Structures are given as structure tokens and as C-alpha cells.
Amino acid sequence: MSSSRIRALLGAPDIEQAKREAVLYLNANFPSYDHLQGLDAKFCESEVSEAELASNVPQLASSSSTVDALIVKAKSSAHSYVEIAQNLSLLRHSLSDELVDLTDGLSSSMSSEPGSSTLLEDIETLHRNLDDLQGVKGYAQVIQRALELRRAIFTLPVKALSTSAPITTSSVAQFQTLQVFVSNVADACSSVEDGAGKQDLHLVEFLRRVLERTWVDIKKSISTPLLDAAEQLKWPMTVDYANASTDQRTAFERAFLRLLQLQKVSEIISSPSGSRSEKDGIYPLEILVQPVALRFKYHFEGTRQTNRPDKPEWYFTHILNVAHDQRTFLEHVVQLLLNSADRQTINAWREFTRLLLPILTNKLRRTVPSLLPHPSLLAHTIYQALQFDAALREEGFELDGTLGDTVPKRDGVAGEAWPGVCDVILGKKEWFDAWLDGEKRFADNQYHDIISAPDAWQIADDEPDEVVVGHDLKTTNSARRLKALIEQITDRYSPLPSFLHRTRFLLSMQTPLLEQYSSRLTSSLDAYETLSSALVRAVPGALSVSLGMKEDHSSSVNIEHGRFTSGVEGVQRLCKALLSSRFIETAMKVWGEDLFFLELWTEIKQRPALRAFAQVNSALHSSTNQADDESHDTIFETSIARYEEVSRRSEDVIVQQVCAEIESSLKPHLSTTTSPNPGSSPKTNDDFTLSQTLLAPIALLSTHFNYMRATLPPPILTSLYRRVASRLAEHLLQRQILYRGSITAAEGRAIRAEHVLWVETCRATLLQAFGGSRSRVEAPWARLTEAGTLVDVDGEVKEKIANATFGGIDEDEWEDVIIQVVGSSELTREEVGRILRRRE
């Protein structure tokens, strides 16, 4: 029974609820009048029940007391159960905390706080440490075994080798045991892989170093007698072997041959290493190099005054002297010892020299990084290295006949057998780029000094000892100095053994300088075209400016370019541009035929790598596209074409300048002589005089040609003279004769006299320059001279010419008549007819 039910039973009776229940009971049992008959029976039953209840009152009291006792007991039990429940709840929370701790203890340390680890992880770590310790123990045991074998070698076997007994493979049996042990360990560890794939363990590398070091120590122990014997011969000074005692020579030869025996044994047992370094060679020669290396270290690697970074030639010369001084001893003594030991293929001097080279290469590797911030010192060191290589090659050194007889590759194809000591620097891209940058900055500074010099655009005087390129071609100081700079750069990089390095020098330094100079000359011509006049000061200097004051007192700048673009001064500036371009153009043609550039150009066209590198550069792009072996182009073909364009353009501007000035000066004269003057009386035959207005253009023409004769070489002068004279002659022919009104006899005589004056002026000015050839002077004026003769003919001669011209004879007969009468036939038949019609 629930507690609510118990409280309801113990409570006071509810009268209203009893009434409601009674009404509900009556309604349910007596729904109609007919059912009231059973009401008495129910009433009697109620009375009986009431009587029974009344009789049960004592029992009710007893029951109430019992209920109270039970309630008290229930409360007491409930309190005890609450305490027990509270205790159990606390126990549950503690158990839950313990469970959480246990769960955390069994979870991964990756999800826990840093520094904590689980018991399981601790156990796994201990297992790994145990495995590592076992591996370390195995490593230590392997190393211990290798060191024990090495120690065993240097107890008895090496001492036995120091005697006079021959050295055979049995003499190094202990070493072979160590060698087999190292080989077995290497084979066992060859299957070890890590994340990067199969790799050699450091243990194997260590054992191999032990093996190599052991063999070096064996060789060192046997080489001691050779060093002692060489010291008795005053090695490394020049050895006078003929004057040495018999005991000294015997000791040297015996020690030398024993080392050769040891080397033969090493070749049989394939020891000590699979790859040969630059320091490995013939054993006795390796030993003889050691005293030289010690002396070199004493002088050039310490703090002595001989170790100067600005004097690399000292240590290069030192090694070169050692190789030269010992050559006789090596070729006449050591070579015989090598031949007696079946080493005839080895050249003693070349092998010894090859073993000296690592001394220099190591010195360069230590020195060059400190020279990179100093381009001049770096360049000097490289030049000395190149000179050393060249001197050694002149001595006859090469790798053929040495143990280093391997042919390296350069630029993707087989190159020279010996790359030279300079390859230590040039073979490293960073060092070569640093040198190239320094050389480029120096060349650029030199170029700017040449261009900015006050006398840069003055025509240079030929020096007696200088061979001028071309036909006595004068030029400006800037062009001459630029040529010298380009040749200086060629001398700097021509000794380089690599064609790739040569190509980079050519494209990085020489072609940019040539392009800059041609651009400078082109800008001068552009300035002329901009001003619609002759070439202005861009070639020789600056435009003259004057600072003036306006009416409002404000300053103004006036560019006085008239005197720079007219007269002889204007032509002079044009000639400077022409001479500069022609001089460099001619120099490049000579360079292109030089053997050095021919070889370089052949390599560029034949090697795809070099050709692709050169095609990127605009100076060689068009030429490399035509990679025809039968073509006769040169490496400077594109640059030559640019300078030829500048030269042609300069000549065009000169012709335009001279002709424009003379034609402008001729305007007053032509206006006076070709325009009719009604107020003037006709002149008789005795009234003929030359017009004073003709003197100015004649004098101007003479002045221009006098300057060009003194400045320009004969080929250029001849070309310009023909163009100028032909244009002026055509101008006079059209203005004075063909396109004017009628011409009187007096005017005809005047015209002919003027034409003769033009020709005589040119003859007087240029006859000596043309070698006394009158025909070369008169040829451009032939049409004008013929026209002047035609306007001056009269009488029967004129009639004969008119009949031939207007008659029905053919062209050949007409030409014969003209030549017979006039002396030449340069004009067409139509032009002759027009001239004859102009005569009154």
C-alpha cells in the first residue's frame, strides 16, 4: 500500500464525499420507480453492516495503534535507508572517479596532457629501448670486431711489411680479413630500407672509412723509408741524382719499388675504395708530393707575407716551378723505375704534376669565397689560373699517361681531357656569375667613360705604331677606344676552355656594348630627323643653349641648333657618325674572320644547347636561325648589318644636307637667271659675264668637298661625291634647261660656262683625291655637261643635231651623231629634243 493511500485512510471522513457516493450508488442501483422494491433489503443490509462496524470499534482502536507503531517503524527504516543511499552515492562517485582514472591510464598519451604517458606506452617504450640497445650492442660488436681486426693488422703484419721481403697478397692477409668482414656487413645491411628507400647505414660508411684509413696507414708505414731516402736526396729541392751516393740511390729505388708492389697488391684485392679521387695516383709519387704540400702550406696558407690574396701568381708560380724543376729527375730516374715495375703506360712527370694540382684546387676552394666581394681580386685570380693552365699545357701536360686519364664532358659533348685548374672556379656557376658580373660592370664603366670623354667625338689622329683597320679609315676617338675595349674583353675571355663560358661573355658584354654604340649613333640621326635638319649634336656633344629674358622679365631657353646643323660644321658631325659606324663595322668584319670567333661561331651553330642560348639574344638571333654549315656568315653578322644601316643612313643624311644647302643657296641665282626681266636690254655676245650669285653655291660646294676629302677615305668620298654631284647636276638640268622658258644664245653660253665652272670646281678640289682621274670627277656631271653643250650650239652643228633628233633615223645612228658632235650621249632623245626647243 502506498503512502498516499495510508494517509487517506487515516484522515477524517468526508461527509460531502459520502453524500456524493451515496447519491451515485442510489442512482446506479435504483434508476426507476420500479426498482425501489429492493430498497428495504438494501437498508437492512446497511444496518447489519453498521452493527458489525460498531462491534469492530475495539478492533479499530487496536488497528490504529498498530498502524501508528508501523508508521514509526517505517519512518525509522526510511531514515536509515536514506543514510545508506547517501553513502552508496558517495561510493558510486568515488568509484566513477577511479574508473575515469583507470580509463585515462589505459588511453593513448596522444590524447592526454603533454608529458604524461600510459603504462602500456611505457612498456612499449621500454621494449623499443630494449630493441635499440640490442641494435646498439650489435653495432658496438661490429665496430669492436672491425677495430680488433685493424689492431691485429698493425701488430705483426705491418711490421713484417717494413722489412725487405717482397710484398704480396699474403702480406696483407689480415687486411683482406677486414675487407671481407666489411663486405659481409655491407651485404647484410644492403636490404635495410627507410622512408627514402634503400640507403647505406652509417655503420657501413664508418666501416668503409675504417677500411680506407687502415690501408692509408699501411701505405704510410711503408712510405716512411721513401720519405727518408728522398730527404737524403734533398727532395723537394732539385735532385742531383747523378751525384748522389750509391747507398742513397739504392735506398730510394728500393723504397720506391716496394710502394709500387703495394699498389699492385691493392689493385689485385680491389682496395681500398671503389672510386678514385683527384689525390689518388701512383703510390710513391703520392708520397713525394707530401713534402711539396707541406712547403706550400707553410708559405701560402699561414700568416706569412707570402700568403697575399692579391698575389695568386706567387703560389701558381711555385707549383709550376716545382713541376718544371723536377721534370728531369722524374723523366730520367722515376720513369725508369716505373718501367721496371710494368708501369710503362704511366708518364712519371705528368702523373706527378697531376698529383700537385689538388694543392692548388684546395687553395682556390678556400680562397675564392673571400674574393667574391672584390671583383678585381677575383678576376686577377682567374686570369692567373688561366695563365697557369696555359703554361702547363705548353709544358706538355695532359691527362693521357696518368691514372686520371678520364675525359670530362663540357657543354654536353666531350671536351678537353684536362679542364684545367680554372675549372674549380669557372665550373661553379655562382663563382663564374660573380666574375662575369664584375667584368660586365667594369666594361660598362669603361664604355661610359669613353662616351662621356670631352674628346670622344673628335676625329682621332693616326698613331704611327697603330694599324688602322680598313683603307686608311679615320674615325673618332670613341670608336677607336670602343674597338680597343672590345679587343681587351676578347683577350680576357679567349683563354676560357668552355665554349659556353665564351658565349656568355660574348652575349653579356661585347654584343651589348656594340648595340649601345649603334643605338647612340642611331639616336643622333633620329635627332636630325626630329629637327627636320641635319644631324645635330647627339653624336659629338650637346646642343648649345642660351638663356634669354622675355619682355615680362621671365627667363627663356633658346636652342641654337642652326649652327650645328648647317654648313661644314653640320657635315662634320655627320661625317663623325659615318666614320664611327664604318670603323666599328670594318673592325667587326675583321673580328669575324679571326680564328677564335670562327671556332666559337662553329660551336654555337653545331651545338643545340649553345644555339638555343644564342637565339635568345637579338644580336645572334637572325644568324643562328640560318644554321647552314655552307653559309659564309660570321658571328657578328647581325651587328654588322646594324652598323651598315647606320652608315647608309649617315650617307643619306650627308647627301641630303649638302644638296639642300647648295640648292637653297642656288635659289637666288636660278631666280635671277631663269626669270625674264622686261626692263633689261638683251646682251650681245661680248656682254657675257658670270653672275655673282653663283659664287656662294660654288664656294659652298668647294668647302664641303674640301672637308670631306680631308676627312673621308677615298671609297666613301667617291660614293658621296657621285651622289651629291648627280643630284646637283639633275637639279641644275631641270631648273636651268628642261623646265624653263626659251633660252637665248647668250643665256646658252652663260649656262655652259656655269656648268664648266661646276665641273672645274670639283676637279680642282677632288682630282688629287681621285688619283688624277678626270673621268671620275666629270662622270656625275656628264648629263649636265651634255645639256650645256646643246644649249650653246649654233649654226650647222645645231642644224645637224636637230635633223638627227627630229628626223627618222634610228636610235643607234642618232647616238653616233650626238657623240660625234657633243662628245657624249647621256641624255635621251626626248630630252635632247626638249633642249633644242628651248633655244630661240
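This is a predicted model: local features need pLDDT of at least 70, side-chain atom pairs count only at pLDDT 80 or more; totals for chains, interfaces and linings use all residues.
Biologist: What makes a residue part of the lining of the second largest pocket, and which lie nearest its centre?

Modeller: A lining residue has an atom within 4 Å of a point; 23 residues line this pocket, and Lys279, Glu286, Val289, Gln290 and Ala293 lie nearest its centre. Helix α10 gives the most to the lining, with eight residues, while α8 (202-232), α10 and α13 (348-371) each supply at least two. By class, the lining has ten nonpolar, four polar and nine charged residues.

Biologist: Why is α9 called oblique to α10?

Modeller: The axes of α9 (residues 246-268) and α10 (residues 283-300) come within 7 Å and cross at roughly 125 degrees. Angles of 65 to 115 count as roughly perpendicular and those over 145 as roughly antiparallel, so α9 is oblique to α10. Among the residues making the contact are Phe252, Phe256 and Leu259 of α9, and Tyr283, Pro284 and Leu285 of α10. This contact has ten nonpolar, two polar and no charged residues.

Biologist: Why is the pair of Trp235 and Phe329 called tilted?

Modeller: The count comes to 27 aromatic pairs. The ring centres of Trp235 and Phe329 are 6.0 Å apart, and their planes stand at 50 degrees; stacked needs under 30 and edge-to-face over 60, so the pair is tilted. Because Trp235 lies in the loop between α8 and α9 and Phe329 in helix α12 (residues 327-340), the pair ties together parts that are 94 residues apart in sequence.

Definitions and conventions: Residues are numbered from 1 along each chain as its sequence is written. Side-chain values use heavy atoms; hydrogens and water are left out. Axes are lines fitted to C-alpha atoms, for helices over the stretch in contact, and angles run from 0 to 180 degrees between N-to-C directions. Helices (H or I, at least four residues) and strands (E, at least two) are DSSP runs, numbered from the N terminus. Angles under 35 degrees count as roughly parallel, over 145 as roughly antiparallel, 65 to 115 as roughly perpendicular and the rest as oblique. Contact means heavy atoms within 4.5 Å. Ala, Val, Leu, Ile, Met, Phe, Trp, Tyr, Cys and Pro count as nonpolar, Asp, Glu, Lys and Arg as charged, and the others, Gly among them, as polar. On a 1 Å grid over the protein atoms alone, a cavity is a set of points where a 1.4 Å probe fits but cannot get out, and a pocket is an open set with protein on both sides within 12 Å along at least five of seven lines; lining residues have an atom within 4 Å of a point. Rings of Phe, Tyr and Trp (its six-membered ring) pair if their centres lie within 6.5 Å; planes under 30 degrees apart count as stacked, over 60 as edge-to-face and the rest as tilted.
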